[in-house]
Structure formats: structure tokens, C-alpha cells
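I opened this notebook to record what I looked up in one model. The entries are kept brief.

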Amino acid sequence: MSAGGEMKMRTACVTGGNGYIASALIKTLLEKGYAVKTTVRNPDDMAKNSHLKDLHALGPLEVFRADLEEEGSFDGAVAGCDYAFLVAAPMNIKSENPEKEVIELAVRGTLNVMRSCVKAGTVRRVVLTSSVGSVLVRPDLQGDGQVLDEESWSDVGFLTATKTGFWAYSVSKVLLEKEASRFAEEHGIGLVTVCPVITAGAAPAVTARTSVPGCLSLLSGDEEAFWTLRSMEASGSVALVHVDDLCRAELFVAEQEAAAGRYICCAVNTTVREIARFLEHKYPQYSVKTSLLSGDLLEEPRVRLSSAKLVREGFEFKHKTLDGMYDDMIDYGKALGILPN
Ligand SMILES: NC(=O)c1ccc[n+]([C@@H]2O[C@H](COP(=O)([O-])OP(=O)(O)OC[C@H]3O[C@@H](n4cnc5c(N)ncnc54)[C@H](OP(=O)(O)O)[C@@H]3O)[C@@H](O)[C@H]2O)c1
């Protein structure tokens with residue numbers, strides 16, 4: 001409360017505001033009455049940032065320039081914030097130098113933002129967006145029917161020895177979670193980590209480079225994007241969450257005083273074949289690109305990612321079926337030029 005008795009507006013920082021998930025999170029926060037400060041690498045790049053202009057209509061939104069590479073560059077964006085949502089991350093999984101450009105940068109960048117949070121002195125909680133990539137990649141899982149919860153960690157030794165799939169991305173997420181946790185303890189910062197699975201659905205962002213092209217690849221025929229689904233299935237499950245539920249979950253763990261540790265955010269465990277059957281039935285106007293369905297594919301998930309902790313603590317997913325995941329994503333895919341109109 002202010003001296004005049006009125007409630008002070010809460011302020012949140014979201015890093016990487018031109019990204020797919022961050023754009024949806026900004027919208028969620030503004031709709032919930034937060035003032036939002038966000039960062040982008042190049043505020044003048046209107047091809048990437050035009051949605052931020054539209055989001056201004058929902059509430060107070062300030063845009064700052066910041067880069068994970070530059071220590072101190074997040075100071076202005078984090079200053080005065082109650083919560084800091086760390087969403088920006090290097091996503092260049094095809095980097096020629098993944099050790100430096102993905103792993104090292106992700107860890108260093110996370111700590112850079114956390115240092116800004118210490119300097120700010122106002123941040124009640126940092127919500128770190130990791131990934132189920134830090135949970136799922138484990139060669140020791142034998143047989144079907146495994147259920148993975150927050151106790152599970154991807155095997156960094158295995159990932160760095162085999163260097164297949166999204167190995168550097170998964171390693172970066174394990175290491176940044178551990179470093180962030182160590183840093184938070186050392187500096188008395190409240191930290192909660194969210195590990196989302198493949199994120200689906202429409203967002204305000206005007207480009208979508210990661211999961212949306214992947215989810216739509218069976219309709220678009222984009223082989224490279226299809227790799228997202230196939231490589232996740234290779235670890236045992238194509239696990240999905242709607243971006244609106246993910247954003248609600250991020251805000252839930254920020255606001256719940258008792259929230260602590262990691263939270264897997266997953267609504268559906270499925271397979272490539274199951275998605276293909278669903279799409280064939282629901283969207284007959286687009287033919288499913290069956291040529292992508294060659295080779296070993298699962299009939300049922302071998303492994304299930306569990307969000308039981310999140311649900312036990314009071315969170316409710318709104319989108320719990322493939323219908324829910326794809327409902328608004330077809331039109332979004334058309335708007336982004338991933339699918340024909
Ligand atoms: N989408 C999913 O299915 C999924 C699933 C699990 C976890 N996640 C996690 O969620 C977060 C957001 O993912 P997304 O799907 O929204 O990806 P995205 O749309 O590619 O967003 C990534 C954001 O990070 C920014 N970024 C990259 N390198 C940066 C740097 N050096 N300095 C400052 N900003 C930088 C990008 O800015 P530029 O545009 O300037 O490159 C962009 O705003 C990531 O941490 C990702 O690991 C995503």
C-alpha cells in the first residue's frame with residue numbers, strides 16, 4: 001500500500017520480449033494488472049518487435065535493450081521489479097561452437113541477469129525458464145512406463161559424449177539451473193525454476209522459431225522442424241503444454257509464497273504417430289505429410305513427464321488434450337506463414 005492507501009502496482013521484468021514464450025508471458029502479466037519491463041537485443045528491429053507496440057494497449061510496458069553477453073545490461077530493466085522472469089536464452093542449436101555459444105553463454109547470461117537482480121534489491125523472486133531438456137535425457141531409463149518428476153536430471157556425461165540431438169541445449173539447461181541455484185543461495189535470492197516441455201499454441205510474437213514450426217511440421221512438411229518432435233520422442237515422449245498454461249504456471253510459482261525448487265510444466269504426453277492421427281482426423285484440409293513418419297516411431301510414450309507437483313500445489317491446466325494444443329495454433333501458423341492460408 002502507498003501512503004495514500006492505494007495498492008501499489010506490482011512490476012515484473014520479462015527477458016527476451018520478442019521471443020515466443022516471453023511475448024505470451026508479457027500479455028498474461030499485463031492482463032493480470034502488472035506493470036511490465038522487458039528486454040530485447042535490438043529495440044529498433046520492428047520486424048521482431050511490432051507485437052510489443054500492440055501489447056502497450058493492455059497496460060504499462062517498457063522496453064529496454066539488453067544482451068545476455070553483457071554484464072550489467074539488465075540493470076535498468078530489473079530495477080524496481082518485484083519479480084524477474086528469465087526467459088531469454090541462446091537457442092542457436094546449430095551453432096558451430098555450441099560449447100561457447102550455447103552452454104557457456106546460457107550459464108553466463110543467466111548469472112548476469114541474476115547479478116542485476118541482486119543490485120536491484122527489490123526482486124522478491126526470480127522465475128527461471130529452463131526446459132525439460134534438463135530432465136529427460138537419461139540413457140539409464142530401462143523399459144516402458146517410467147514417470148519422471150523434478151528429481152530427474154538429464155545425464156550431462158552422456159550428452160557430451162554422444163553429442164546428438166539438442167545435446168548442447170540440454171547441457172546448458174542442466175548447468176544453468178545448478179549455477180542459478182548456487183548463486184541464489186549465496187546471495188539470498190528467491191529462485192523458482194520452471195521446466196516446460198514442447199510449448200504449443202498462439203502467442204503475440206510475430207516470429208516463432210522453435211516449438212511452433214515443430215508442432216506444425218506434420219502439416220507443413222518442414223523436415224528440419226519435424227526434428228524437434230522426433231528427437232524428443234527419441235527420449236521417450238512427445239510432451240506438450242499450451243503456452244497460455246505455461247505463462248499461468250510461471251506467474252503461479254512467482255506468486256505462491258510456498259513455491260520452491262523445480263516445476264515440470266507438462267499437460268500431455270503423446271507420440272508422433274498419435275499427433276499425426278489426430279491431425280488427419282481434425283484437419284483433413286491439410287494432408288499429414290506421411291513421408292515424415294518413416295523409421296522407428298513409438299505407439300505409446302515410453303516415458304511420461306509429470307507435473308504432479310505443480311497440480312498438487314494448486315495449479316490447474318486449462319488445455320489438457322491435443323485439441324486444446326492445436327486449437328489456436330493453426331491460425332497462428334497461417335499468420336506466421338508456416339501453413340498456407
Ligand atoms: N518453445 C519451447 O517449446 C520451449 C520449451 C522449453 C523451454 N523453452 C525455453 O523458453 C525460453 C524461450 O523460448 P522460446 O521458444 O520463446 O524461444 P525464442 O522465441 O527463440 O526466444 C528466445 C529469446 O531469447 C533471446 N536471446 C537469445 N540470445 C540472446 C542474447 N545473447 N541476449 C539477449 N537475448 C537473447 C532472443 O532474442 P533475439 O530475437 O534477439 O535472438 C529471444 O527473445 C528459452 O529459455 C527456452 O529454452 C522453450
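Entry 1, conventions. I worked on a predicted model, in which local features need pLDDT of at least 70 and side-chain atom pairs count only at pLDDT 80 or more, while totals for chains, interfaces and linings use all residues. Residues are numbered from 1 along each chain as its sequence is written. I took helices (H or I, at least four residues) and strands (E, at least two) as DSSP runs, numbered from the N terminus.

I listed A225, F226, T228, L229, M232 and E233 as buried (20 or more other C-beta atoms within 10 Å of the residue's own, C-beta atoms being placed from the backbone; exposed means 12 or fewer). These residues cover an arc of only 135 degrees around the axis, which puts them on the same side of helix 9; the arc is that of the directions from the helix axis to the C-beta atoms. The face turned away from the buried side carries the exposed residues E223 and E224.

I found 25 residues around the ligand, the closest being G16, G19, A88, A89 and S211; the criterion is a C-beta atom, placed from the backbone, within 6 Å of the molecule. Helix 1 (20-31) and strand 8 each supply at least two residues of this shell, and helix 1 gives the most, with 3 residues.
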